[in-house]
Structure formats: structure tokens, C-alpha cells
Amino acid sequence: MTGPRRQELATNLAQVEERIAAACASSGRERDDVHLVVVTKHFPRSDLDLLADLGVTDIGENREQEASAKLDDGGVPPGVRTHFIGQLQSKKANAVTRWADVVQSVDRLKLVGALARGAETAGREVTALIQVNLDPDADAHRGGADPAEVPALADAIAGSSLRLGGLMAVAPLGGDPDAAFALLARLHEALVADHPSAWMLSAGMSGDLESAVRHGATHLRVGTAILGTRASHR
């Protein structure tokens, strides 16, 4: 596949790769310890195919209907893992488990049961991450469970047909990402003490990925820095 869009994506991917590599080097971490999830929400199937051709192995979507339509059009590219990263209604859980390898936004017990039933029906192994709310203003947060709820959610996931992967969080708008991700790292340390296989820590986006790497993120969710703004590609 060739063309200007492919070149644009290749250039942007290379720039993000440089940022991740530099962040890993300055933090004393191995580059292979950090996985890039390219967030393809609002972008067409053609971009997904170009990214797969460029070597991207993980893509993220946050709307079930959009993702299902996109992935039904040709299926998931070989070697690509799919992550659901948006807020999820329990009634949509069954549909998400048909295509998502990882659901990063589990934030309540009801959703654990719905996803487990969906995974069993689909006959698929689905990994679940607990989304933690790091926003001190409860009325302004962008989803997630209260930190105090993490142990019970973790036990529920571990006791279900889902695989407990770890934690996910979004830094509060206008807040200090270092402070938020430091708290997330402490919560993850406590989780791993009880569930040693829950190694995944999803944090960091286009604007704060360096901070996330400093605080131990294993997965970065990057969209705009690679794909650009949706308005410019309509």
C-alpha cells in the first residue's frame, strides 16, 4: 500500500516511536516493555489497514457500533490485537466480546458479569483491565472506579471467565499527569501483590506518554499524534 496517507502515518509513527524510546531510555526501561496501542476511533477502515501494514500490532476503539462495523469490513488484520477503551454499557458487553481481545474500561461489578457471559458465549478469551478514576473532582471525571473499589473488582474478574490484565487510567483534565500516574503506579503495585499476573498498566496518551512511561506504563494509548485530528480527514 502506498500513497500520501500511508507516508503521513509512517512519519507520525516514527515520531511517536522516538518519543517512546527516549522516555524509556531516560527512565531506565527496556523499549520492549512498553506497548503502543494506536487509537483508531473516528478514523476509517483504510487507516486501520495502513497501520497494520506499517507494523502496528494493537489498535484501540471506544465505540462498539463503530468498531464492529469497521472490523466486520474485512475482519481484524492478522497479528493485530483489539482493545476496547471507551465507557461501556452492560447491554453492549456481549457485542464487544465478539471482537475485543482486551477491554480496558471495566469499572463496575455489573459489567464484569456481562463481559464474562459474553466471552463465554463467544468462546473467546477476553482480558479485562480495571479503569481507575484519578480525578479528585468526582463530578468531572471521565469514567472509572474509585481506587477503593479496585480490590473487589479485581477479585470478581479473577473469579470469572475473564482474564485479569491490570489497570487503566486517564490523567485528569488540567491536572498534573505525574501526580496522577504516580498514584496509579501505587495502586498497580498493590494489585500485583494480590494478583501477580495482572502486569498490564495502561496509561498515557498523545500529550502525556512520557509521564506514563516514567511511572511504569506498559501500554500507551495514542491517537492524535499518529492519526491527526478527525476533522482534517473527513
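Apart from neighbours within four places in sequence, Glu61 is in contact with Thr40, Lys41, Glu66, Ala67, Lys70, His83, Phe84, Ile85, Gly86 and Trp99, where contact means heavy atoms within 4.5 Å.

Two remarks on the source come first. The model is predicted, and local features are taken where pLDDT is at least 70 and side-chain atom pairs at pLDDT 80 or more, whereas totals for chains, interfaces and linings use all residues. Residues are numbered from 1 along each chain as its sequence is written, and side-chain values use heavy atoms, with hydrogens and water left out.

Glu61 belongs to strand 2, residues 58-61. Is Glu61 buried or exposed? Glu61 is buried, because its relative accessible area is 1%; the terms are buried for under 20% relative accessible area, exposed for over 50%, and partly exposed in between, with a 1.4 Å probe and protein chains only. The side chains of Glu61 and Thr40 are joined by a polar contact of 2.6 Å. That term covers a pair of N or O atoms within 3.5 Å; within protein, one must be able to donate a hydrogen and the other to accept it, and residues adjacent in sequence count only if both atoms are side-chain atoms.

Let us now look at strand 2 as a whole. Asp58 and Gly60 point one way from the strand, Ile59 and Glu61 point the other way, and all are buried. Strand 2 pairs with strand 1 in the parallel sense, over 2 bridges; pairing requires that DSSP finds at least two bridges between two strands. Within this pair, Val38 has Ile59 of strand 2 as its bridge partner.

Strand 3, residues 81-84, runs parallel to strand 4 and is joined to it by 2 bridges. His83, already named among the contacts of Glu61, has Val102 in strand 4 as its bridge partner. Strand 4 is also joined to strand 5, residues 127-132, by 3 bridges, and these two run parallel. Here Val106 stands opposite Ile130 of strand 5.

I turn to the helices. Just after helix 2, Gly55 takes a positive phi of about 100 degrees.

Most residues other than glycine have a negative phi. With 31% relative accessibility, His42 counts as partly exposed.

Helix 1 contains Thr11, which is partly exposed at a relative accessible area of 33%. Thr11 and Ile226 are 215 residues apart along the chain, yet their C-alpha atoms are separated by 8.3 Å. In helix 7, residues 177-194, we find Leu184, a buried residue with a relative accessible area of 1%. Beyond four places in sequence, Leu184 touches Val132, Leu134, Leu167, Ala169, Leu201, Ser202 and Ala203.

Finally, the pockets. A 1 Å grid over the protein atoms alone is used; a pocket is an open set of points with protein on both sides within 12 Å along at least five of seven lines, and lining residues have an atom within 4 Å of a point. Grid points are joined across faces, edges and corners, and a volume is the space filled by probe spheres, of 1.4 Å, set on the points.

The largest pocket holds about 430 Å³ of space. Of its 20 lining residues, Val39, Lys41, Asn62, Ile85 and Met205 lie nearest its centre. The lining divides into 6 nonpolar, 10 polar and 4 charged residues. Here Ala, Val, Leu, Ile, Met, Phe, Trp, Tyr, Cys and Pro count as nonpolar, Asp, Glu, Lys and Arg as charged, and the others, Gly among them, as polar.

The second largest pocket holds about 240 Å³, and 13 residues line it, with Glu17, Arg31, Leu36, Gly55 and Val56 nearest its centre. Helix 1 (4-27) and strand 1 (35-39) are the elements that give two or more residues to this lining. Its residues comprise 5 nonpolar, 3 polar and 5 charged.

Notes:
Helix = DSSP H or I, 4+ residues; strand = E, 2+ residues; numbered from the N terminus.
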